[in-house]
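The following note sets out numbered comments on the structure shown below.

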Amino acid sequence: MVVDGSNSVLPLSEAVAAAFAERHGGGRVALRSSGTGGGFRRLCDGETDIATASRPMSARERARCRERGVRHVALPVARDGVTVVAHSRNALVACLGLGELRRLWAPGSEVSTWRALRPGLPAQAVRLYAPGSDSGTFDFFTRVVVGRAKASRADYDPSADHETIARGVAGTPWAMGYMGYAHYAANRHALRALQVDTGAGCVAPSPKSFADGSYSPLVRELHLYVAEDALRRPAVGRFAGFFVDASPRLAPEAGYAALSAAQYVRSRALLAEATRAAERGSS
Amino acid sequence: MVARTVTRPLFLEGTGGPGARADRVARRVFLACAALTGGTAAVVLGVLAVGAAQFFAEAPAGGFFAGTTWAPFAEEPRFGVWPLVAATSRITIGAILVAAPLGLLSAVYLQHYAGRRTGAVVAAAVAALASVPTVVFGYVALNAATPLLRLVWPGAEAFNGASATLVVGLMIAPTVAFLGREALAAVPPAYFHAGMALGASRGRVVALVVAPAAARGIAAAVLLAMARAVGETMIVTMAAGSHAGLAWSPLEGVRTLTAFVAQTSLGDIAPDGPDFRAVAAVAALLFVVTYAMHAAGRALLARRPAGSAHP
């Protein structure tokens, strides 16, 4: 069974896969993280059974999947907030407004020092670390902050791996970056999460502020996209079902907010329906 | 004692027997293997050439070679490869500045100074360094060289050119040492003895007689080691970062040609997408550079000085 996709979902997938192996035995689940875009591409090429995603499938990706005859079902599993992080010793900045983030990250932005971002801050260079262009987090952040998906300044250090971003920001004085909250949570001793002012005051990212909506514009739902054909193999359906069932417990432990109970019931129903469709298709 | 009957192995049978057939079969198997190896190289070259050709059909070559902004995946992509070339050049030159003195002085020591026992120990140590996998060097650069560097310069970034350069230098030092020693060994012993007979010190003989006679071989050693540094991927991918800017400070992160290819390929690359074409163009450039350096190194090695002990 091959699962590929979002690096933001990876900590959850890892926790679920470990629990699944404990319950059902065997290390049969291969987890990769090519990014949400790469995960969708591989799912629609029939190379993988499940794609994890930190943004919904775009119309173009949907068309590509349809062209290749790959039917799939999207199951929401958790909620996550994109977290803006700075070097741990940077105590001068606690909160950034969406407007400041937009000026910093807009294409061709010439904000290169903290002072240029906000008068009164030191004239230290802002070194930027962030996900690369195949990342769902990148697409989401640019859409919310800059206003258009994939519109970003290009002179930052891109990485497909949020751990590398964490390492870069943690190890570079006056650096800044953004990543999924779970990756921040795993490195919280080395990083400083900044609050974000969306117009209604500064809000710190946390599973609580993701759940109650106060961190809202930067909160997204994470999904599993399961290929319908793969559901003919009972193991795939078992794993996807286990993922949905285990998420309410494992998501908070791994640094996400769980969805409401009703949403998990709905995910289960969607999965059952897709499984029936797959069985009809094969008989 | 039982007399032994000697059975002649099949391949020693006369020309008409089954041995000849086995011979023909074996010949075909060997040919197939050789063809497969050469064919693989041709396929790799073909893929790179097609990708690069598609790339240059969209992006003008002038912008590629002269541009100073590398942002291939931006909304408005820019394909100036110069920052990547500058990063690779800086790391290669820095690494050879570390490796050449280390390697060449080790070679001189091993060839002309070391006693038999200590020589064997030192040669084994150099060989051990040569056998370290590059991913281990990358780990060392990230988790040993960088923290040490930051003790001296606290402003050094988490991923920086300096520690990658230092560790790439250590990685290629054995190449310089071994090839350099071969070059020294190829100088006819008569040169050395004649110099010593004139009453010169060992150091003067090595510096003024043996080394000039071995100059070609030494240059080849340096060149081949530099080719390794240009193509080195793991260390720079792990430790040098992904910042494709024209950084002047070695304490800042840089992105080499190889690191761009590796880091971009860590995600999933669609074979018909723009990222594949950019990777192919950079990989093709990398191949041309390393091939030219290898060819020059081999050409130097092929022409030994007259009277060489090992023609």
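Predicted model: local features only at pLDDT ≥ 70, side-chain atom pairs only at ≥ 80, totals over all residues.

1. Ala86(A) faces Met176(A), a residue of strand S8 of chain A. This pair belongs to an antiparallel arrangement in which S4(A) and S8(A), the latter spanning residues 175-180, are joined by five bridges. Ala86(A) also has Arg192(A) in S9(A) as a bridge partner. S9(A), residues 191-193, runs antiparallel to S4(A) and is linked to S4(A) by three bridges.

2. S4(A) has a further partner in strand S12 of chain A, residues 219-227, with nine bridges in the antiparallel sense. How many of the residues of S4(A) are buried? Of its 16 residues, 14 are buried, and the strand is thus described as mostly covered. As a general point, side chains in a regular strand alternate between the two faces of the sheet.

3. The domain assignment divides chain A into domain 1, made up of 2-79 and 221-282, and domain 2, covering 80-218. Their centres, taken over C-alpha atoms, are separated by 27 Å. Domain 1 of chain A contributes 21 residues to the contact, and domain 2 of chain A contributes 19 residues. On the side of domain 1 that touches domain 2, at least two residues come from each of helix H1 (10-24), helix H2 (36-44) and strand S4 (72-87) of chain A. H2(A) gives the most to that side, namely three residues. By residue class, that side of domain 1 of chain A holds nine nonpolar, 10 polar and two charged residues.

4. Chain A also contains an open sheet of three strands, ordered S5-S10-S11, with mixed pairing. S5(A), residues 95-97, and S11(A), residues 202-203, are the edge strands; each has a single partner strand, so one side of each lacks a neighbour in the sheet. S10(A), residues 195-197, and S11(A) run antiparallel and are joined by two bridges. In this pairing, Val196(A) lies opposite Val203(A). Helix H4 of chain A, residues 98-105, lies across S5(A) and S10(A), and runs at about 75° to S5(A).

5. Lys150(A), although not a glycine, has a positive phi of about 75°. Lys150(A) sits in the loop between helix H6 (136-146) and strand S7 (157-159) of chain A. Is Lys150(A) buried or partly exposed? Lys150(A) has 15 other C-beta atoms within 10 Å and is therefore partly exposed.

6. Trp174(A) occupies the loop between helix H7 (162-171) and S8 of chain A. Trp174(A) counts as buried because 21 C-beta neighbours lie inside 10 Å, whereas the threshold for a buried residue is 20 or more.

7. Chain B comprises 12 helices and two strands. Along the sequence, these elements follow the pattern α-α-β-β-α-α-α-α-α-α-α-α-α-α. Of the 311 residues in chain B, 40% are buried. Where contacts in chain B join residues at least 6 apart in sequence, 70% of them connect residues at least 24 apart.

8. The contact between the two chains takes 24 residues from chain A and 17 residues from chain B. On the chain B side, the residues divide into seven nonpolar, seven polar and three charged.

9. The largest nonpolar core consists of 164 residues, and those with the most contacts inside it are Val226(A), Val167(B), Val176(B) and Ile235(B). Helix H6 of chain B, residues 161-185, supplies the largest share of this core, with 15 residues. Which residues are in contact with Ile235(B), leaving aside its neighbours within four places in sequence? They are Thr134(B), Phe137(B), Gly138(B), Ala141(B), Ala164(B), Val167(B), Val168(B) and Met171(B).

Terms used: Residues numbered from 1 in each chain as written. Chains lettered and ligands numbered in written order. Domains from an automatic or database assignment. Contact = placed C-beta atoms within 7 Å. Helix = DSSP H or I, 4+ residues; strand = E, 2+ residues; numbered from the N terminus. Nonpolar A, V, L, I, M, F, W, Y, C, P; charged D, E, K, R; others polar. Pairing = 2+ DSSP bridges. Axes fitted to C-alpha atoms, helices over the stretch in contact; angles between N-to-C directions. Core = buried A, V, L, I, M, F, W, Y, C linked by C-beta atoms within 7 Å. Buried ≥ 20, exposed ≤ 12 C-beta atoms within 10 Å, placed from the backbone.
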